[in-house]
Amino acid sequence: MVDSHCHLAGREFADDLEAVVARAHAAGVSRALVILAADAQAELDRWPAVQQAWPAVRAAVGIHPHQAAAYAGDPVEAGRLLERRLDAVVGAVAVGEIGLDYHYDFAPRGVQQAVFEAQLAVAERRQLPVVIHTREAEEDTLRILRGAHGVTTRGVFHCFSGDIGALARALDTGYFVSVPGIVTFPRSTALREALTAAPRDRVLVETDSPYLAPVPVRGLRNEPAYVARVVETLAGLWSTTPEAVSRQVSDNFHRLFGA
Ligand SMILES: [Zn+2]
Ligand SMILES: [Zn+2]
């Protein structure tokens with residue numbers, strides 16, 4: 001199976017990366033998409049070590065909405081920085097995570113939108129898939145994705161945790177949805193309901209490590225091996241085997257990211 005979203009170049013993994021990779025392999029996780037923050041030099045510096053420890057991983061590079069305020073005076077610079085990073089990062093196959101976060105509102109919403117748009121334009125120009133982070137900002141996210149001419153990019157809504165209506169609206173863009181460990185939480189009934197009927201060829205799975213550890217390790221540091229919990233949960237919802245879900249999400253990952 002594939003963990004479609006993890007922050008393995010984060011400092012949380014700096015000390016025991018090899019053990020983390022070994023546990024991922026033991027759990028049947030053969031590949032992962034590692035999210036790199038375009039403006040976090042320490043993370044970019046650790047990327048070669050991640051690739052060395054796990055040659056099958058690929059990267060997405062982007063400026064997170066939490067960091068958008070740094071580009072308030074010149075949102076276009078966000079796009080220029082992204083282009084430089086995409087040229088420099090070996091194994092970069094996607095743009096992300098980018099989007100809008102109105103839950104924390106670390107940057108003014110107008111600035112978040114401009115920085116998101118500047119990076120979407122880069123993805124469109126380079127025909128790269130996009131990893132979207134959207135939190136309490138569904139309407140603006142969809143409006144920006146559609147732009148003036150409809151959706152012109154391909155990608156995934158990472159950490160999807162909405163209900164059946166939100167799922168339909170997300171899939172309507174042609175994007176995939178990526179299911180996080182939240183699906184294992186007892187209160188996530190509406191999410192499980194939505195996913196039960198979801199088209200299986202549009203679903204990815206992720207950990208968002210080191211965040212969002214699933215049951216039964218909730219609250220601890222998350223890591224790619226635990227994406228198996230998400231796969232097991234989906235297998236239950238879809239009345240099939242974890243192996244079948246694993247094959248399906250791997251195929252889906254390959255179709256979207258070519259990796
Ligand atoms: Zn995110
Ligand atoms: Zn993330």
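Guide: Let's start at Pro216, which sits in the loop between S8 and H8. Helices (H or I, at least four residues) and strands (E, at least two) are DSSP runs, numbered from the N terminus. The peptide bond leading from Val215 into Pro216 is cis, with omega near 10°. The loop between strand S8 (203-205) and helix H8 (227-237) also holds Pro210, and a cis peptide bond with omega of about 5° joins Ser209 to Pro210.

Before we move on, some bookkeeping. This is a predicted model, so local features need pLDDT of at least 70 and side-chain atom pairs count only at pLDDT 80 or more, while totals for chains, interfaces and linings use all residues. Residues are numbered from 1 along each chain as its sequence is written, chains are lettered from A and ligands numbered from 1 in the order in which they are written, and side-chain values use heavy atoms, with hydrogens and water left out.

A few other backbone spots deserve a glance. Ser239, in the loop between H8 and helix H9 (242-257), has a positive phi near 50° although it is a residue other than glycine. Ser239 is exposed, at 69% relative accessible area; buried means under 20%, exposed over 50%, and partly exposed in between, using a 1.4 Å probe and protein chains only. Cys159, not a glycine either, has a positive phi of about 55° and belongs to the loop between S6 and H6.

Now for the metals. Donors are N, O and S atoms within 2.8 Å of the metal (3.2 Å for Na, K and Ca), and water is not among the atoms, so sites may look incomplete. The zinc ion (ligand 1) has Glu97 (OE), His133 (ND1) and His158 (NE2) as protein donors, at 2.0 to 2.1 Å, with the sequence spacing E-x35-H-x24-H. His133 belongs to strand S5 (residues 130-135) and His158 to the loop between strand S6 (155-157) and helix H6 (164-171), so this pair ties together parts that are 25 residues apart in sequence. Both histidines fall under the burial cut-off: His133 is buried at 13% relative accessible area, and His158 counts as buried at 5%.

The zinc ion (ligand 2) is held by His5 (NE2), His7 (NE2), Glu97 (OE) and Asp208 (OD), at 2.1 to 2.5 Å. Angles among these four donor atoms run from 87 to 176°, and the site is irregular. The rule is that four donors count as tetrahedral if all angles lie between 85 and 135 degrees; four count as square planar and six as octahedral if opposite donors are over 155 degrees apart and all others between 65 and 115; anything else is irregular. Along the chain, the donors of the zinc ion (ligand 2) follow H-x1-H-x89-E-x110-D. Glu97 coordinates both the zinc ion (ligand 2) and the zinc ion (ligand 1), which are 3.5 Å apart. His7, in the loop between strand S1 (2-6) and helix H1 (17-26), and Glu97, in strand S4 (residues 92-101), form a pair that links distant parts of the chain, 90 residues apart. Both His7 and Glu97 are buried.

S1 also pairs with S2 in the parallel sense, over three bridges; two strands pair if DSSP finds at least two bridges between them.

In helix H5 (residues 138-146), the buried residues include Leu142, Ile144 and Leu145. Their cover includes S4, helix H4 (109-126), S5, S6 and H6.

Stepping back, the chain contains nine helices and eight strands, and 54% of its 259 residues count as buried. Contact means heavy atoms within 4.5 Å, and residues 24 or more positions apart supply 73% of the contacts with a separation of 6 or more.
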